[in-house]
Amino acid sequence: MAKGFLSGFKGIDAFGKTTEDVKVKTRTGALLTLISTCIILALTTIEFFDYKRVGVDTSIVVDRSRGQKLSVRLNVTFPHVPCYLLSLDVMDISGERQRHVSHNVLKKRITKTGMDIPASREQDLRNEVDKLAEQRANGYCGSCYGGQAPESGCCNTCEEVRQAYINMGWSFGNPDDIKQCVEEGWSEKLKDQADEGCSVSGFIRVNKVVGSIQISPGRSYQTGMQGLVPYLRDDGNPHDFSHQIHEFFFMADDEYNPNKAKLGKDMKLRMGIADNPLDGVEAKTTKAAYMYQYFLKVVSTQFRTLDGKTINAHQYSSTQFERDLTEPNEGENKQGVFTRHGVPGSPGAYFNFEISPILIVHSETRQSFAHFLTSTCAIVGGVLTVAALLDSILFATGRKLKNIGGDGAVKLM
């Protein structure tokens, strides 16, 4: 009974065998075997490299982060505006406003030919202030000339008087009428630097909300919205806001970590998104009352590596708008379209940024070994099956042609 069961079991064998004496080996079969082997090796090698290759999958999700801050890295050169005239302000939709930002920001004086002035900083206007203070008698209390006095109630330096004017919303009209400024030789220092330019670089921390970074004349140097105070307007220098942006980009907190910053940079280079839209942008004008606006759309980006690391970063897009403030606020433009500016402008460079509500996730991926094994088996089986089919067709065709040739020879005889 067992023998009968085993005999019946052999009936489901899908791999029928042939004996050596009934096998026919041909040169055509040998050639197909060599070709099949080469094809299998080539396709398997390609599949192996594809298995080892690290790919990147991109997905878009809603950015659910809250209460975060952004770091802005900037480096902008203004060849026709001296450093003492520039003010860097930050404001956002939450109502927070940072005026005259100086922390982590460096203003470096440059000549009108674009060369750095050695050992110079924006604070050079105050180099001799401390020496002058030492010469004054103890208990000296300078007048603030009607401005909002500091907590001490005294304005002992020209800068303190200027700041008191700023706090009152006044322009700093004529420093020669102020005793502290005359003693410090403030006007002479301004005139010495009047034909210089300024390079502004550093980091700024801003809230992750809609906001604006403004580089413009300080309020104390303006009369109204568009003009400089007379002693600056009539000094014979253009003071226009032509500028060159060497770099401008947004950073996440992860990018302060050198290892994560390197990983993020490598991922950006691999995906071709390492360049920033504003890097290398140059804007030129000959008009002092000219306004440059950059509208930036900031998109949060996250990179996920195969070893489980996560790096947060940011990308942004940019559009630019220029406005000549000497033209009326309303009228027809060059295309004949009537336009109106509802908000008066002020000369300077303004970087208005908006935060996108989406998060782009770039994840490193690699094929599984099971996928590689399955693909390899499919390659081997598929190539051998096709080769066997071709061999059968060629063998049968050859035999038939040989038989036809044999029959024709018999008939002729």
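## Burial and the basis of the model

A residue is buried when its relative accessible area is under 20%, exposed when it is over 50%, and partly exposed in between, using a 1.4 Å probe and protein chains only. This is a predicted model, in which local features need pLDDT of at least 70 and side-chain atom pairs count only at pLDDT 80 or more, while totals for chains, interfaces and linings use all residues. Residues are numbered from 1 along each chain as its sequence is written, and side-chain values use heavy atoms, with hydrogens and water left out.

## Helix 2

Helices (H or I, at least four residues) and strands (E, at least two) are DSSP runs numbered from the N terminus. Helix 2 covers residues 27-52, 26 residues in number. Its expected span (1.5 Å times one less than the number of residues) is 38 Å, which agrees with the 38 Å between its end C-alpha atoms.

The buried residues of helix 2 are Gly29, Leu32, Ser36, Ile40, Thr44, Glu47 and Tyr51. An α-helix has 3.6 residues a turn, so residues three or four places apart point the same way.

## Salt bridges

There are 12 salt bridges in the structure, each a side-chain nitrogen of Lys or Arg within 4 Å of a carboxyl oxygen of Asp or Glu. One of them joins Arg109 to Glu196, with the closest N and O atoms 2.7 Å apart. This pair links distant parts of the chain, 87 residues apart: Arg109 is in strand 5 (residues 105-110), and Glu196 is in the loop between helix 6 (186-192) and strand 6 (197-207). Both Arg109 and Glu196 are buried.

Lys260 pairs with Asp254 in a salt bridge whose closest N and O atoms are 4.0 Å apart. Lys260 counts as partly exposed because its relative accessibility is 27%, whereas Asp254, at 18%, counts as buried.
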